[in-house]
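Trainee: I am new to this structure and would like to look closely at a single part, the place where the two chains meet. Please describe that part in one connected account.

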Amino acid sequence: MEPSGYMPIVLQSLVALGFVALVLIVVPLLGPRRKSDKKNENFECGIEGQGNARMPVSIKYLMTAILFVLFDVEVIFFYPYAVNFREMGFNGFFAVLMFVGVFLLGFYYVLRKGAFEWDR
Amino acid sequence: MTLYIFLTLAIVSVITALLMVFSRNPVHSVLFLILTFFAIAGQYVLLNAQFLAVVHIIVYAGAIMVLFLFVLMMLNLNSETEPQKSTMWKIMAAIAAGSLLLTLTGALRGSVQLATPVQSNPRVGLVENLGKVLFTDFVVPFEIAGILFLAAMVGAVLVGKKDLKL
């Protein structure tokens, strides 16, 4: 790609970052400021906070996240295939079919092992 | 122009990587690591690997960072329970890391500088060209990558097995 082809990306990044920076600067200037013990609590509606946030969580979250990342990467391999879908013909189709088949095998294994069952 | 972009990205990546290692707060380390990933994604763009750069941002800065955060959440990181390594451990870690550095430096010093094909074809890393190569010339490594993912899936389930009571 020509270097000038990156201009839209640069502009979009600048607009996104600039908007965040602008909001972060402008909001404290415009908004009213009331500081009290009640206002500074982490959750000011409902139950009072107990303990601290630094407690170990269940491995089930990590398990779901790892499996999500694996299938996420699988879907990323579809992008180069989808762009070349017509040109590839059946050769590319079978290559991707085999790839997806391996993933389906893994998905079946994961389901049978009950990694997605939350309540066990 | 390209040289200045490269130097900026290189300096940013090295500085953020150092900040990641030296910051005391593990969550700050993760944030600095995200900055490092973005700088490296910029290097990919300079090397005409545009698709790889986007994937790098999506997968590494997006998904794998979440994994790191989950790992941080699973560890008990209260300041009173933070494990204090003894001096012995620190010396051992320094020796191990030092020998790794020595090995890497030695290997890189003896290596031959390959001609960088940067300006060959600027469109080589776009998703269309990459797909053509991936599904024809490199279809076997592609399938092997699938099997690698299967191994990762089985490994993740097996490691978490004790807690899941399968």
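Mentor: In this predicted model, A:Glu87 and B:Lys132 form a salt bridge, their closest N and O atoms lying 4.0 Å apart; the term stands for a side-chain nitrogen of Lys or Arg within 4 Å of a carboxyl oxygen of Asp or Glu. Between chain B and chain A the count is one salt bridge.

Residues are numbered from 1 along each chain as its sequence is written, while chains are lettered from A and ligands numbered from 1 in the order in which they are written. Because the model is predicted, local features need pLDDT of at least 70 and side-chain atom pairs count only at pLDDT 80 or more, whereas totals for chains, interfaces and linings use all residues; side-chain values use heavy atoms, with hydrogens and water left out.

The contact (heavy atoms within 4.5 Å) takes 46 residues from chain A and 47 residues from chain B. About 4,200 Å² is buried between the two chains, and carbon and sulfur atoms give 78% of that area. Buried area here is the accessible area, found with a 1.4 Å probe, that two parts lose on being put together, summed over both.

On the side of chain B that touches chain A, two or more residues each come from helix H3 (50–74), helix H5 (127–136), helix H6 (139–159) and helix H7 (161–164) of chain B. Helices are DSSP runs of H or I with at least four residues, numbered from the N terminus. H6(B) gives the largest share of this side, 14 residues. By class, the side has 34 nonpolar, seven polar and six charged residues; Ala, Val, Leu, Ile, Met, Phe, Trp, Tyr, Cys and Pro count as nonpolar, Asp, Glu, Lys and Arg as charged, and the others, Gly among them, as polar.

The largest nonpolar core has 32 residues, and those with the most contacts inside it are A:Leu67, A:Phe77, B:Phe135, B:Phe149 and B:Met153. Such a core is a set of buried Ala, Val, Leu, Ile, Met, Phe, Trp, Tyr and Cys residues joined through side-chain atoms within 4.5 Å, where buried means under 20% relative accessible area with a 1.4 Å probe, protein chains only. Helix H2 (59–83) and helix H3 (85–113) of chain A, together with H3, H5 and H6 of chain B, each give two or more residues to this core. H2(A) supplies the largest share, twelve residues.

Note on methods:
Buried < 20%, exposed > 50% of the residue type's maximum accessible area, 1.4 Å probe, protein only.
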